[in-house]
Amino acid sequence: MVDSQNAEQILQTLAELYPQASCALDFSNPFELVVATVLSAQTTDVRVNQITPELFGTYPDAQALAEADPEMVEQIVRPLGFQRRRAGQLVSLAQNLVSEYEGEVPATRSELMSLAGVGRKTANVVLGNAFDHPAITVDTHVGRLARRWRWTEETSPLAAERDIAKVIPQPEWTIACHRIILHGRQFCHSRRPDCENCAMKTFCPSSLA
């Protein structure tokens with residue numbers, strides 16, 4: 001069972017450490033965010049941000065990307081690796097948007113997940129950050145820290161998401177995930193967590209174990 005008082009203390013500390021936490025991907029509209037999030041699979045947000053200015057400068061909307069030559073898209077996304085697969089996904093995604101949603105990114109999880117390359121995690125990123133619909137994004141950091149804090153024992157992202165949703169108040173789902181991700185990157189690393197310099201070392205369940 002989750003220690004609700006401890007969980008509240010963790011959430012409060014995260015809010016104090018990372019009050020302005022936000023999505024690490026650069027975007028100015030839902031189309032840019034869904035494309036950037038699809039691209040972020042198996043690479044870093046920093047690397048995605050390096051190539052999206054050229055991508056969106058060349059293909060500013062779904063219609064333009066739907067009509068793109070996949071080989072031209074490949075040239076832009078090549079630095080991320082798997083360029084043929086990535087380019088194919090993006091063109092298919094844009095074609096889905098044009099044919100099914102008049103070029104606009106839908107604002108429901110089920111509709112988002114009907115798009116090429118969009119799974120539940122990507123859909124939740126878009127819901128939470130483009131549409132302000134509270135959503136929990138279970139990436140490697142969120143899953144790892146939630147297990148260390150005893151919020152869940154699940155390794156499946158969906159099962160972990162359901163457990164985490166019981167701990168974090170719904171209005172805070174999106175920003176809390178951003179804060180957890182930042183803490184995972186800065187202190188609670190996968191192999192060698194920096195417990196000594198972590199602000200939670202006196203009450204983190206894993207640190208005290």
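First, the ground rules. This is a predicted model, so local features need pLDDT of at least 70 and side-chain atom pairs count only at pLDDT 80 or more, while totals for chains, interfaces and linings use all residues. Residues are numbered from 1 along each chain as its sequence is written, and side-chain values use heavy atoms, with hydrogens and water left out.

Let's start with charge pairs. Side chains of opposite charge can pair when their charged atoms come close. The cut-off here: a side-chain nitrogen of Lys or Arg within 4 Å of a carboxyl oxygen of Asp or Glu is a salt bridge. How many salt bridges does this rule give? The count is three.

Take Arg185 and Asp45. Their side chains form a salt bridge at 3.4 Å, N to O. Arg185 belongs to helix α11 (residues 173-186) and Asp45 to helix α3 (residues 45-58), so this pair links distant parts of the chain, 140 residues apart. A word on helices: they are DSSP runs of H or I with at least four residues, strands are runs of E with at least two, and both are numbered from the N terminus. Now exposure. Buried is under 20% relative accessible area, exposed is over 50%, and partly exposed is in between, using a 1.4 Å probe and protein chains only. Asp45 is buried, at 18%. Arg185 is partly exposed, at 40%.

Next, Glu161 and Arg120. Their salt bridge is 2.8 Å, N to O. Glu161 sits in helix α10 (residues 157-165) and Arg120 in helix α8 (residues 120-130), so the pair ties together parts 41 residues apart in sequence. Glu161 is buried, with a relative accessible area of 10%. Arg120 is partly exposed, at 29%.

Then Lys201 and Glu196. The closest N and O atoms of this salt bridge are 3.4 Å apart. Is Glu196 buried or exposed? Glu196 is exposed, with a relative accessible area of 57%. Lys201 counts as partly exposed, at 33%.

On to the pocket. Rolling a probe the size of a water molecule over the atoms shows where empty space is left. The search uses a 1 Å grid over the protein atoms alone; a pocket is an open set of points where a 1.4 Å probe fits, with protein on both sides within 12 Å along at least five of seven lines, and lining residues have an atom within 4 Å of a point. Volume is the space filled by probe spheres set on those points, which are joined across faces, edges and corners.

The largest pocket holds about 580 Å³. It has 33 lining residues, and the closest to its centre are Ser40, Asp45, Asp139, Ile181 and Arg185.

Which helices supply at least two lining residues each? They are α2 (30-39), α6 (83-101), α8, α9 (140-148) and α11. The lining has ten nonpolar, 18 polar and five charged residues. Here Ala, Val, Leu, Ile, Met, Phe, Trp, Tyr, Cys and Pro are nonpolar, Asp, Glu, Lys and Arg are charged, and the others, Gly among them, are polar.

Where does the largest pocket lie? Domain 1 (6-21 + 136-187) and domain 2 (30-131) both give residues to its lining, so it lies between them. Those bounds come from an automatic or database domain assignment.

Now the record. An unreviewed UniProt entry places the feature "binding site" at Cys188, Cys195, Cys198 and Cys204. Cys188 is in the loop between α11 and α12 (205-208). Cys188 is buried, at 12%. The unreviewed entry also places "domain: HhH-GPD" at residues 39-186. That span is 64% helix and 0% strand, and its end C-alpha atoms lie 23 Å apart. One caution: such annotations may be inferred rather than shown by experiment.

Last, some backbone notes. Gln42 is not a glycine, yet its phi is positive, about 65 degrees. Gln42 is in the loop between α2 and α3, and is exposed at 61%. Phe82 also has a positive phi, near 50 degrees. Phe82 is in the loop between α5 (70-77) and α6, and is partly exposed at 49%.
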